[in-house]
Amino acid sequence: MKIENFPEDIQPYVIPDLTSDEGERLIYRCLGCGLEYGIEKLLYTCPECGQVLLIYDANFDRLKKIPGELWHRIFDYRKMLKISALKGIYLYHEFIGPIIPLDSIVYLGEGHTPVIEANSFLQKKAGIRFYFKNDGQNPSASFKDRGMASALSYIQFIISKGYISSDVLAICASTGDTSASAALYASYLKPHVKSAVILPHKKVTPQQLSQPLGSGASVFEIPGVFDDCMKVVEALSEKYNVALLNSKNAWRILGQESYSYEIAQDFEYDMSDKVVILPIGNAGNITAVMSGFLKFYETGIIKTLPKIIGVQSKHANPVYKYYLEPDAEKRKFVPVTVMPSVAQAAMIGNPVSMPRVIHLVDIYNSMSDKQKVFFVEVSEQDIMDWELLANRNGHIACTHGGESLAALVSGYEQKIIEKNDVAIVDSTAHALKFSGFQEMYFENSFPEEFEISPNRDLINSPVFIRPKDLEKVPAPGKPLTGEDFKRFVERTSEEIANALDLKKV
Ligand SMILES: *Cc1c(COP(=O)(O)O)cnc(C)c1O
Ligand SMILES: [Zn+2]
């Protein structure tokens, strides 16, 4: 819709206003010592104390002056605009990057992923009403695109301002999806931005490996697990002139907040009785989701904070373990050594965003009248079983989506989730990225460490049909003709009909 066709009172708000007090609005704030820094420089950690940073809007109070109901209309009308910069995560421009001009925004189709209600069979199985929000339907097939769109838009912005030279090498360590996303977005900004990704050898799926290769990134594989890759990338970013794209980069967090904003908008801004369930790896995403809901709450856009459940596999559960201790004073963070997990993108023993999680969980719970953030752990077996069951009922969930669904069931059993709650379950990537695990399940070929044995009812495999009494069958380049072909079609369809137990018409 054209701007002149919007209601008059909405027109001044539909396109974000970048002319008023631009500049010093956004700042990095250190979660350790509290020092603040301007955002003209790309910082990852506090130069003073080394702690991680979050980005704050020093002028956030101006957003509170707009009533919540007006914000609803602004976002709902803005959805009708045909300006591509505002079609993705920057629909929430004022909250995600109020200083980023529209012509610096990189939009590749990320965000606004579908929210799909589970069918009645699956809801009955799980015991409660729920929806999948399928972030596998992002351009590189995971939620990481939300954060990359933000980080790369910021990089375009500081290049355009001349804060950095227009020759950027973006690097990241990855459990697979960060590199796929980083390489995709960087390739769009060629020739100004090039990318290099560092992966743990044999610890990403073939599909995930094919993605940065296809986007033309420099791909390096090293021995070890993600935590080892992260250390190498940190060493590189400290000593060399590179732009780090891991979620240590606070711009990633800002972009991923869009996940919360979309949920709010998709449920008409009514977050009462809602539960959002998501997997935790490096803990960037749960940081973003808490931060996003808090911002909408503080501005009156939502009137209640939804419950949030962070889930980890028993094979990579440092955050879960930290919160096992009920007394906040006694909690002590201890990194864990990870074991093989089908939730491979979350196989992280020492999450970079742990200080952010601790900081935000505190605020989130104290802003609510009761505890609203919970952590659960689930078994590898449950992750696979629930993923496969979900996909047999119309979804395209990845293993992490299965993990989130397993957490829904466990959370309900533990009474963290109540009967009338409605859950929004995050499938963080597309099922196809992790189809190798499905194959291992169907073939019963999981190495022992996974502790997964297939449930017979969920196994599926192709049946090869080749009628024994046929002398000739077609082959590529050697089609059958005449009677031979007729007989081939007849006999093959007969055998398929037998296998399916079909009745004749
Ligand atoms: C990165 C990733 C996660 C973990 O998210 P964090 O922000 O690292 O906690 C979960 N699922 C998928 C598919 C991912 O790519
Ligand atoms: Zn500091």
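Modeller: Let's begin with a term: a residue is called buried when its relative accessible area is under 20%. Cys46 has a relative accessible area of 3%, so Cys46 is buried. Cys30 also counts as buried, because its relative accessibility is 3%. Please keep in mind that this is a predicted model. As for bonds between cysteines, a disulfide is a covalent bond between the sulfur atoms of two cysteines. The structure holds zero disulfides.

Now to the ligand. Ligand 1 sits in the largest cavity, and 14 residues surround it. The closest of these are Lys144, Asp177, Gly281, Asn282 and Thr428.

Some contacts can be followed atom by atom. Lys144, one of the closest residues, places a polar side-chain atom 2.6 Å from an oxygen atom of ligand 1. The backbone takes part too: a polar backbone atom of Ala283 is 2.8 Å from an oxygen atom of ligand 1, and a backbone N or O atom of Gly284 lies 3.2 Å from an oxygen atom of the ligand. Taken alone, ligand 1 would expose 380 Å², and the protein buries 98% of that area.

Notes. Residues numbered from 1 in each chain as written. Chains lettered and ligands numbered in written order. Predicted model: local features only at pLDDT ≥ 70, side-chain atom pairs only at ≥ 80, totals over all residues. Heavy atoms only, no water. Near = heavy atom within 4 Å. Polar contact = N/O pair within 3.5 Å; in protein donor to acceptor, adjacent residues only side chain to side chain. Areas by Shrake-Rupley, 256 points an atom, 1.4 Å probe, with all protein chains shown as cover. 1 Å grid on protein atoms, 1.4 Å probe; cavity = no way out; pocket = protein on both sides within 12 Å on 5 of 7 lines; lining within 4 Å. Sits in = over half its atoms within 2 Å of the grid points. Disulfide = S-S within 2.5 Å. Buried < 20%, exposed > 50% of the residue type's maximum accessible area, 1.4 Å probe, protein only.
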